[in-house]
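Visitor: Please show me the model, and expect to be asked what each term rests on.

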Amino acid sequence: INFEDWCERRKLQSPQFQFWYLVLNMELTILILIQSFREVNFTLYREALSELIPLFSANDNIHYARWLPSHLRYMMPIEQQHAHLAREFHKGNFVIHKSGMEFSALTIDQAHEHNDAVVKGDGGAISLTEDPSALRKWQVATGPGESHLVVDYEAVSGTKDAMKTSSHHEQTEATQRTFFENVNILPLHTSKTFDDYTREDILPKLESYCTKYKRTDIVFDVFWQSSLKRSKWGKGIRRRATETSKIPTNWWSFLHDDNNKIELFYFLADKIAETVIMTKGENIISNQMICLEDMAPCTHEEADTCIFIHARHATMEGNKVLMIDANGTGVVVIAISVLASLKELGLEKMWIAFGQGKIPIHDIVSTIGPVKASGIPFFHAFSGCDVVSAFHGKGKKSAW
């Protein structure tokens, strides 16, 4: 059975399926209409409009349902009745082109909004409707005048010409690279239990790390009963983390319960410690033949600081380059402050994978010097970090 026949059968069997099938088709038709504007396709515009007209009537959009058929009636035979207009429309002159980029044409009303934004962004159109005299002055001179001045300036100065390109702004190399990186980190499987989640999502990523790097450490936070962090994030929904337990549909709520996180971290430690060095509470487990005395037991509550206990141990084991994957600003600050002591043990370079980029900690320390590098944790805390308040008007730059 093909997909279309299957959909028709399901519509007869389930009213809910029929409802969402109609919603999906309506949204796809709207997207096709937008595509016709962006790609400057007048034929596609008329086809999408003819598909949308019945939906306006069904959704009780009276004015659209009344006027769009009249509009479409004049557009359909335009090649025979007004050939010169048809040629212009097929050239793309039924939309506005503010740039030479592909897939960036605008409808006329959107172009008007862009021009209005030139004035509105400067506060020139606020409360004008309450003062008829001011509104008339703005309509005659100020509003259009400012808009024309900005456009003329851009034309004379060449600011727009310098950025002219036929490619869409999302076709740049950096944007495409970021897109592919984001796609690659998406889960490839639909895990149902925590055991599935470990085998299908976690272990393949760890295998890639272990193939790429000589040593892989995973560090988790420790949650003590007396910790202030227990009241920091509020309460979540308690759910057991066992092999057969179903993974939560709401990870945000799941991770807001410290007991959930403790149980999940312990579960993962038992499952994946065969391939990596991993913390389990204050202890460390691994199947590798290395001495763990310098790392465990670790009394650091925060993984941000415990990371550098592992970094020190890895350096003492002879590793010259370290890559830390963490998205916390605090990790960057601590890395800058401890790099000098790690270099004394033989470390040459330290990188932090932060977001979509990599931060060269060794270059930062070399640039700012050892004095500022050692003092940066104080300035970070003193000028505001996490739940620590900053002085009014005294931010990071002022502190330096």
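Guide: Strand 5 (349–354) and strand 6 (357–360) pair in the antiparallel sense over four bridges. The model is predicted: local features need pLDDT of at least 70, side-chain atom pairs count only at pLDDT 80 or more, and totals for chains, interfaces and linings use all residues. Residues are numbered from 1 along each chain as its sequence is written, and side-chain values use heavy atoms, with hydrogens and water left out.

Visitor: Why are strand 4 and strand 6 called edge strands?

Guide: The open sheet has the order 4-5-6, with mixed pairing. Strand 4 and strand 6 each pair on one side only. The twist averages 25° from one strand to the next.

Visitor: How do you know which way helix 15 runs relative to strand 5?

Guide: Axes are lines fitted to C-alpha atoms, for helices over the stretch in contact, and angles run from 0 to 180 degrees between N-to-C directions. Helix 15 makes about 175° with strand 5, so on this scale the value lies towards the 180 degrees end. Helix 15 packs on the sheet, touching strand 4, strand 5 and strand 6; contact means heavy atoms within 4.5 Å.

Visitor: What makes the largest group of 26 residues a nonpolar core?

Guide: A nonpolar core is a set of buried Ala, Val, Leu, Ile, Met, Phe, Trp, Tyr and Cys residues joined through side-chain atoms within 4.5 Å. Buried means under 20% relative accessible area, exposed over 50%, and partly exposed in between, with a 1.4 Å probe and protein chains only. Among the members that touch the most others are Phe-308, Ile-324, Val-331 and Ile-336. The largest share, eight residues, comes from helix 15. Apart from this core lies another, of 19 residues, among them Phe-37, Leu-49, Phe-56 and Met-75.

Visitor: Why is one side of strand 1 and of strand 3 left without a neighbour?

Guide: The open sheet there has the order 1-2-3, with mixed pairing. Strand 1 (217–218) and strand 3 (283–285) stand at the edges with a single partner strand each, so one side of each has no neighbour in the sheet. Strand 1 and strand 2 (residues 277–280) pair in the parallel sense over two bridges, and Ile-218 stands opposite Met-278 in strand 2.

Visitor: How do you know where helix 11 is kinked?

Guide: The bend at a residue is the angle between axes fitted to the seven residues ending there and the seven starting there. In helix 11 (residues 194–212), the kink of about 35° lies at Ile-202, shortly before the proline Pro-204. Ile-202 is also one of the buried residues of helix 11, whose cover includes strand 1, helix 12 (251–254) and helix 13.

Visitor: What makes the span of helix 4 close to the expected one?

Guide: The expected span is 1.5 Å times one less than the number of residues. Helix 4 (residues 62–75) has 14 residues and reaches 21 Å from its first C-alpha to its last, against 20 Å expected. Leu-68, Leu-72 and Met-75 are buried in helix 4.

How values were computed. Two strands pair if DSSP finds at least two bridges between them.
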